Amino acid sequence: MANVLILVGTESGNSQMVADCLQEELGRQGHAADVMDQGTAEDADFAARDVVLICCATHGQGELPDNIIPLAASLRELKPDLSHLRYGVVALGDQTYADTFCNAGRTMDALFADLGARKVGERLEIDACTQPLPDEEALEWLKEWTTQL
Ligand SMILES: Cc1cc2nc3c(=O)[nH]c(=O)nc-3n(C[C@H](O)[C@H](O)[C@H](O)COP(=O)(O)O)c2cc1C
């Protein structure tokens with residue numbers, strides 16, 4: 001069973017709600033899962049984790065939500081070796097922002113890849129324009145994702 005850290009990037013709570021649902025389901029499957037919505041790379045204690053699940057909305061024009069900026073900035077600055085980690089990405093966005101759809105999730109995806117973490121499965125991109133129930137879509141994705149852990 002994996003020790004999973006779920007990293008949340010949210011402005012208005014959708015990604016937090018999705019992260020909480022995923023945490024509950026991971027727990028039900030027997031994994032240890034914590035949710036972190038504030039803090040830096042040091043606070044995340046990546047050395048103690050096996051798996052990271054990024055759950056991140058996009059705001060502004062393709063930007064990271066404010067709460068996850070300190071984490072992203074500290075990862076860019078410290079460049080920790082994350083090659084022991086596997087990770088997955090659930091990106092929340094809105095396709096009416098055509099040029100920047102789910103850009104923040106893609107940014108976090110690229111950042112973890114750059115630091116040596118190994119991606120599990122495909123990134124899920126949830127469109128708020130057509131999907132009123134992002135938690136249900138994420139739980140469906142999680143079923144397949146956890147079989148690959
Ligand atoms: C001011 C604002 C700007 C946004 N900009 C983008 C964007 O550039 N790209 C995108 O895919 N979605 C964008 N969105 C849509 C959000 O990512 C989407 O509504 C998401 O579900 C919000 O999640 P949250 O409640 O966790 O913050 C924007 C939403 C708002 C309110």
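Reply: Start with a pairing: Ala57 has Leu92 of strand 4 as its bridge partner. This is a predicted model: local features need pLDDT of at least 70, side-chain atom pairs count only at pLDDT 80 or more, and totals for chains, interfaces and linings use all residues. Residues are numbered from 1 along each chain as its sequence is written.

Ala57 belongs to strand 3, residues 51–57. Strands here are DSSP runs of E with at least two residues; helices are runs of H or I with at least four; both are numbered from the N terminus.

Strand 3 and strand 4 run parallel, joined by seven bridges. Strands pair if DSSP finds at least two bridges between them. Strand 1 (residues 3–9) also pairs with strand 3, in the parallel sense, over six bridges. There, Val8 has Cys55 as its partner.

Now the cover. Seven of the seven residues of strand 3 are buried (20 or more other C-beta atoms within 10 Å of a residue's own; exposed is 12 or fewer, partly exposed in between; C-beta atoms are placed from the backbone). Val51, Leu53, Cys55 and Ala57 point one way, while Val52, Ile54 and Cys56 point the other.

Strand 3, helix 3 (residues 69–78) and strand 4 form a right-handed β-α-β unit. Right-handed means that, with the strands pointing away from the viewer, the path from the first strand over the helix to the second runs clockwise.

Last, the ligand. Ala57 is listed among the closest of the 22 residues that surround the ligand, along with Ser12, Asn14, Ser15 and Gly93 (C-beta atom, placed from the backbone, within 6 Å). Strand 4 (86–93) and helix 1 (14–28) each supply at least two residues of that shell.
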